[in-house]
Each structure stands twice: as structure tokens, then as C-alpha cells.
Amino acid sequence: MIRRVGHAADAGQRYVVRPGAYAILPLKDGVLLTCQLSDIVDVQLPGGGIDPGESPLQALHREVMEETGWRISHPRRLGAFRRFVFMPEYDIWAEKVCHIFLARPTRQTAEPSEPDHATLVLSPSEAVDMLGNDGDRMFVQRYFGAV
């Protein structure tokens, strides 16, 4: 069973399962993150949905590039969590199954191509304070220790 973080599922709500791949990207003394700029600013681990026919690693490389403009190497799976959320950009209720990886950012080759995304580098303790969901915070705390 994959650990749930956040709100429990509403028994009366139908959810679409949305697997995704996300990365902790240590960079110098911090962690490379993405910030989604919309009505509400949301700091996130870079990553996103796994498209049909795509492996989690393929999705991870693609999503990190789209959201940060960085290439990555040596991805290693750390674990997973799931959360139940409304995704307004798709107008669906989703059970997000989030596979978390550790990877090395190797170089930035472009600006983020994903609309309304900006790249951030924060200290581990700042990241824990700023990340927008409990699952991302949990994995950053596990990797960097008590911050």
C-alpha cells in the first residue's frame, strides 16, 4: 500500500488515477525546485504526470526539463505517496500517485517551457517551509534529515 498524505478520499467522489514522477534535485547547498505562478503561488518538486506509453524515468526527464530547463542524471527512486486533489487545469478529481526520485541536476540548457513556471533554489529548510504539499515536504525532510 502506498502511503496517503493530505486529505482522505471522499467516499462519494470519483477519482482518476494520475501517476507522476517528481525529483529531489540537490544543487550546491540547496534544492532545485519549480514554482507555479498562477492565482496561488505553488512551490513544488519538479515533475509531473506520466503520459500513456511513457516510463516514469522518461516522464521525469521530460517534466524536469519542461518545468526547470535543467537536464538531470543518475535518477534513483526513493519511494512514493498518494494524495487526493482537485486538478483545476484538467477539471478532474485525481488520486495522484507520486513517485519520488533523487537525481543530479547536470546543467540548465533552457528556461522553463511550461507556462507560468519559474525555477528556484532554496535551502533544504526553506524548501520544507515553502513546498505546497505534505508529500514533497516529507521526502525532502527524509533526504536532508531534520531541517
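D134 forms a salt bridge (a side-chain nitrogen of Lys or Arg within 4 Å of a carboxyl oxygen of Asp or Glu) with R137, the closest N and O atoms being 2.2 Å apart. The model is predicted, so local features need pLDDT of at least 70 and side-chain atom pairs count only at pLDDT 80 or more, while totals for chains, interfaces and linings use all residues. Residues are numbered from 1 along each chain as its sequence is written, and side-chain values use heavy atoms, with hydrogens and water left out.

**Salt bridges**
- The search of the whole structure finds six salt bridges.
- D134 and R137 both lie in helix α3 (residues 134–144), three residues apart, about one turn of the helix; helices are DSSP runs of H or I, at least four residues, and strands are runs of E, at least two, numbered from the N terminus.
- The side chains of D51 and R62 meet at 3.4 Å, N to O, and this pair links the loop between β4 and α1 to helix α1, across 11 residues.
- R62 also pairs with E66, again at 3.4 Å, N to O, and these two are four residues apart in helix α1, about one helical turn.

**Accessibility**
- D51 counts as partly exposed at 40% relative accessibility, as does R62 at 22%, where buried means under 20% relative accessible area, exposed over 50% and partly exposed in between (1.4 Å probe, protein chains only).
- In α1, the buried residues are A59, L60, E63, V64, M65, E67 and T68.

**Helix α1 geometry**
- Just after α1, G69 takes a positive phi of about 80 degrees.
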